[in-house]
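Here is a short report that walks through one protein structure, part by part. Keep the view open beside the text and look up each residue as it comes.

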Amino acid sequence: MLKKVLAVMAVALLLPAIAAAQKFGTIDVNAIFTAMPETTAAQTQLQEVSKKYEAEYKKLEEEVNKKVQEFQALAADTPQSIKDRRQQEIQELAQKVETFQNTASQDIQRQQQQLMAPIQQKITDAIKAVGQEGSYTFIFENGMAAFQGADVVDVTPAVKAKLGLK
């Protein structure tokens, strides 16, 4: 019985020391992400690709509109087989437009992931380095904690400094 009481007292005495050794930080990853020049370059590159796809989409859309106008301009005495063929051409072209739109969207998304992944990894590495250098137990993303005490440190400036950002 005495051993159990001593064990409980030892744990109770060590608990404040363990709690005091923990160090918590918060970080605003979005602020860091937007401040990085690599992010601006990646966004510019994505905008250029997007503009190229938009221009190509516009050409396809104009082609569909032209075919629709030609179809609507057919005379009433035009044979039904010609009307059916033209209508089929319009449907095939509309399907090509839809396929192009899906492919373009997927390609832009893939490129975005490829361009942003190294930036995100760089930020993650900097956060880990700051966490290790500052002996932090945890670093939380801002806005994720339900409560933040006064002893929690915002490490965003330290990570920005680690990345060479202002």
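Predicted model: local features only at pLDDT ≥ 70, side-chain atom pairs only at ≥ 80, totals over all residues.

A search of the whole structure turns up four aromatic pairs. F24 and F138 also share one aromatic cluster with F140. Another ring to look at is that of Y136: the charged end of K23 sits over this ring, 4.7 Å from its centre.

## The sheet

Now follow the strands. Three of them make an open sheet in the order β2-β1-β3, and the pairing is parallel. β2 and β3 are at the edges and have a single partner strand each, so one side of each is left without a neighbour in the sheet.

The pairing of β1 with β3 is in the parallel sense and runs over two bridges. To find this spot on your screen, pick G25: its bridge partner in β3 is V153.

In soluble globular proteins, nonpolar side chains tend to be buried together. Here, the largest nonpolar core has 17 residues, and those with the most contacts inside it are I32, M36, I119, I123, V159 and L163. Four helices each supply at least two residues of this core: α2 (29-35), α3 (37-72), α4 (80-133) and α5 (156-163). The largest share, six residues, comes from α4.

Leaving aside its neighbours within four places in sequence, M36 is in contact with I119, K122, I123, L163 and L165.

Which residues of α5 are buried? They are T156, V159, K160 and L163. Seen down the axis of α5, these buried residues fall within an arc of 100 degrees, so they line one face of the helix.

What do the buried residues of α5 pack against? Their partners are β1, α2, α4 and β3 (153-154). The face turned away from the buried side of α5 carries the exposed residues P157 and A161. After α5 comes G164, whose phi is positive, near 75 degrees.

## A residue with positive phi in a loop

Let us finish with a loop. Most residues other than glycine have a negative phi, and most peptide bonds are trans. S135 has a phi near 55 degrees, a positive value in a residue other than glycine.

Where is S135 found? Look in the loop between α4 and β2. S135 is exposed, because its relative accessible area is 51% and the cut-off for exposed is over 50%.

Terms used
Residues numbered from 1 in each chain as written. Heavy atoms only, no water. Core = buried A, V, L, I, M, F, W, Y, C linked by side-chain atoms within 4.5 Å. Buried < 20%, exposed > 50% of the residue type's maximum accessible area, 1.4 Å probe, protein only. Contact = heavy atoms within 4.5 Å. Phe/Tyr/Trp six-rings, centres within 6.5 Å; stacked < 30°, edge-to-face > 60°. Lys NZ or Arg CZ within 6 Å of the ring centre and 35° of its normal. Arc of directions from axis to C-beta. Pairing = 2+ DSSP bridges.
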